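I opened the model to look up a few strand pairings and charged side chains. My entries follow.

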Amino acid sequence: MIKTAEHDFTVETVVDGLVHPFSMAFTPDGDMLVTERPGRLRIVRKGALLPKAVEGLPEILSLGHGGTPQDGREQPGMRDVILHPGFATNRLVYISYTKPGANGYGNLAVARGRFENDRLTNVQEIFHADAPGNGTNRSSQWGGRLAFDKQGYLFITVGDRQWPPAGDLAKHPAQDPPNPTGQVVRLQDDGRVPSDNPFVKTPGVKPEIYTWGHRNAQGLAVHPDTGDVWLDEHGPQGGDELNVIEAGKNYGWPVVGYGVNYRTGLAIHEGTMKEGMEPPVHFWVPSIGITGMMFYTADKFPGWRGDMLVASMGGQKLIRMELDGRKVVREETLVQNIGRLRDVRQGPDGLIYVAVDGDARGFDGAPTPIVRLVPAARR
């Protein structure tokens, strides 16, 4: 049993045998949909992983299927899966993935399809990021997190593709709004651009761009009360960030931040703050490899209601964040050292589900589980 400030709980395995699970989504029918990095969408039904992957997916670039191995743990393949807010009637599922592109580096794409009879039908690509890699085997950082806000708009994170943060930092692709690299995109549910997006009337800038100056956003969640869209993103060596995104704003990468260059430890940024660039709400130095995030709204852990939960890979932690408005007032580690944690979601049963990623770099590696937090008896 694990004891924390508000609740005691146990960690139990829900299902095992997954290969780099990236994201989870729960259907009203009781199924759990899970994306696997090698390019599969899996179904967990009544506690069992169905042996057959979901059919009907678009072509996905992954290792062994045209993808160039990257110098790091982030490899091409499947990314996020979420349900349309009206899934109960329209059965629409959204997935993000790396789509085949030049030199096996690919690009981020988002598609939607109807989930019926354990397959996807009427699949349509609704977004394709024209965010090319830097031409080397360090062209990962695709981004790919998805979320619907309370108005039904779809938000998509697009990574900076590891363009080197060197030279004139103000000319880095993430600081170039016409370039859809290191951005957050906002779309209608069918891929059309909302008429009130901040750059709709700006010549030369792609109208889908909502915010810019990001590195590699790996977590995205909407506050259940305020409707604010929260985002977490990988810093370099040091400087993982937590941000609230607002239309048209620049979040500073790589001009400002708290990280340093890998291996050398030399400074990257001009400083930690600059006029016209948004500072993070919270940051982690050293980095913990921040990933999936959620707000807890159920009653199985009443002391955590309204809190943010954030998973991490490098730090191998699940963290609880208490907020006062947009300020983090307390940070508590709930779980640690059970593996690299890729995603965290609230299940329909009010329990907290965590996807454990593998530790492989250029291959798929040994299978890993999805676990959940189960409350212990009341103190």
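I began with strand 3 and strand 4 (residues 32–36), which pair in the antiparallel sense over 5 bridges. I took strands as DSSP runs of E, at least two residues, numbered from the N terminus, and pairing as at least two DSSP bridges between two strands. I found L33 in strand 4 to be the bridge partner of A25. I then placed both strands in an open sheet of 4 strands, order 3-4-5-6, with antiparallel pairing. Its edge strands are strand 3 (21–26) and strand 6 (48–49), each pairing on one side only.

I noted the basis: this is a predicted model, where local features need pLDDT of at least 70 and side-chain atom pairs pLDDT 80 or more, while totals for chains, interfaces and linings use all residues. Residues are numbered from 1 along each chain as its sequence is written, and side-chain values use heavy atoms, without hydrogens and water.

Next I looked up salt bridges (a side-chain nitrogen of Lys or Arg within 4 Å of a carboxyl oxygen of Asp or Glu). I got a count of 33. In one of them, the side chains of R345 and D80 meet at 3.1 Å, N to O. R345 lies in strand 25 (residues 340–346) and D80 in strand 9 (residues 78–83), so this pair ties together parts 265 residues apart in sequence.

I checked burial (buried is under 20% relative accessible area, exposed over 50%, partly exposed in between; 1.4 Å probe, protein chains only). R345 is buried at 17%, and D80 is buried at 0%. R345 also forms a salt bridge with D343, with the closest N and O atoms 2.8 Å apart. D343 is buried at 0%.
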